[in-house]
Amino acid sequence: MKKTFFCVPKPETYAIVLKTSKKPIGSIGLLFNGDGIAPIGADEAELGFWVGVPHWGHGYAPEASRRLLRHAFSDLNRTAVWCGYYDGNLKSKRAQEKIGFIYHHTIENVNVPLVNDVRTAHMNLLTRERWNCMA
């Protein structure tokens, strides 16, 4: 079976790797200034993550997200971070809830060029104040 990997050459984009083998199993990153689908402010960011199907359900996305959120709020001084999931992706929704994101709004007709599709996105928000209260 041929494997396909996508590389997103953006600042603040990282591989999610297994601690033991260092095998890459996904990616995670922060987007700024309209690079994502959320209409974000200058002091905000959008979190995006992807984990390969064989590794779902092991807590890798929440673990990586918590580390990157700490960086976003502490080092990059972001006041809020957005994160979304596409309609039907309940695993991503649940991962975002575990991290502390709260539903904010829905965006219809989002163009997803990597899979040549148009989808509905549900956007969640995590503020620095909420993050600090959870710590």
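Colleague: What conventions apply to the numbering and to the model?

Modeller: Residues are numbered from 1 along each chain as its sequence is written, and side-chain values use heavy atoms, with hydrogens and water left out. The model is predicted, so that local features need pLDDT of at least 70 and side-chain atom pairs count only at pLDDT 80 or more, while totals for chains, interfaces and linings use all residues.

Colleague: How many helices and strands does the chain have, and in what order do they run?

Modeller: The chain contains 3 helices and 6 strands. Helices are DSSP runs of H or I with at least four residues, strands are runs of E with at least two, and both are numbered from the N terminus. Read from the N terminus, the order is β-β-β-α-β-α-β-β-α.

Colleague: Why is the chain called as compact as a globular protein of its length?

Modeller: The radius of gyration, taken over C-alpha atoms, is compared with a globule rule of 2.2 Å times the number of residues to the power 0.38. For 135 residues the rule gives 14 Å, and the chain has 15 Å, which is close to that figure; the chain is therefore as compact as a globular protein of that length. Along the principal axes, the C-alpha trace spans about 45 × 40 × 25 Å.

Colleague: Which residues does L30 touch?

Modeller: Contact means heavy atoms within 4.5 Å. Leaving aside residues up to four places away in sequence, L30 touches P11, E12, A45, E46, L47, L68, A72, L76 and V81.

Colleague: Which sense of pairing does strand 3 show with strand 2, and which with strand 4?

Modeller: With strand 2, strand 3 (residues 44-51) pairs in the antiparallel sense over 6 bridges, and L31 stands opposite E46. With strand 4, strand 3 pairs in the parallel sense over 4 bridges; here A45 stands opposite V81.

Colleague: Why is strand 4 called largely enclosed?

Modeller: In strand 4 (residues 80-86), 5 of the 7 residues are buried, so the strand is largely enclosed by the rest of the structure.

Colleague: What makes the pair of F73 and W131 aromatic and tilted?

Modeller: Rings of Phe, Tyr and Trp (its six-membered ring) pair if their centres lie within 6.5 Å; planes under 30 degrees apart count as stacked, over 60 as edge-to-face and the rest as tilted. A search of the whole structure finds 1 aromatic pair. In that pair, F73 and W131 stand 5.8 Å apart centre to centre with 35° between the planes, and the pair is tilted. F73 belongs to helix 1 (residues 60-75) and W131 to helix 3 (residues 128-134), so the pair ties together parts that are 58 residues apart in sequence. Both F73 and W131 are buried.

Colleague: What places R119 over the face of Y86?

Modeller: A charge sits over a ring if NZ of Lys or CZ of Arg is within 6 Å of the ring centre and within 35 degrees of the ring normal. R119 lies over the face of Y86, at 5.4 Å from the ring centre.

Colleague: Where does G100 lie, and is G100 buried or exposed?

Modeller: G100 lies in the loop between helix 2 (90-99) and strand 5. With a relative accessible area of 3%, G100 is buried. Beyond residues up to four places away in sequence, G100 touches L125, L126, R130 and M134.

Technical notes. Buried < 20%, exposed > 50% of the residue type's maximum accessible area, 1.4 Å probe, protein only. Pairing = 2+ DSSP bridges.
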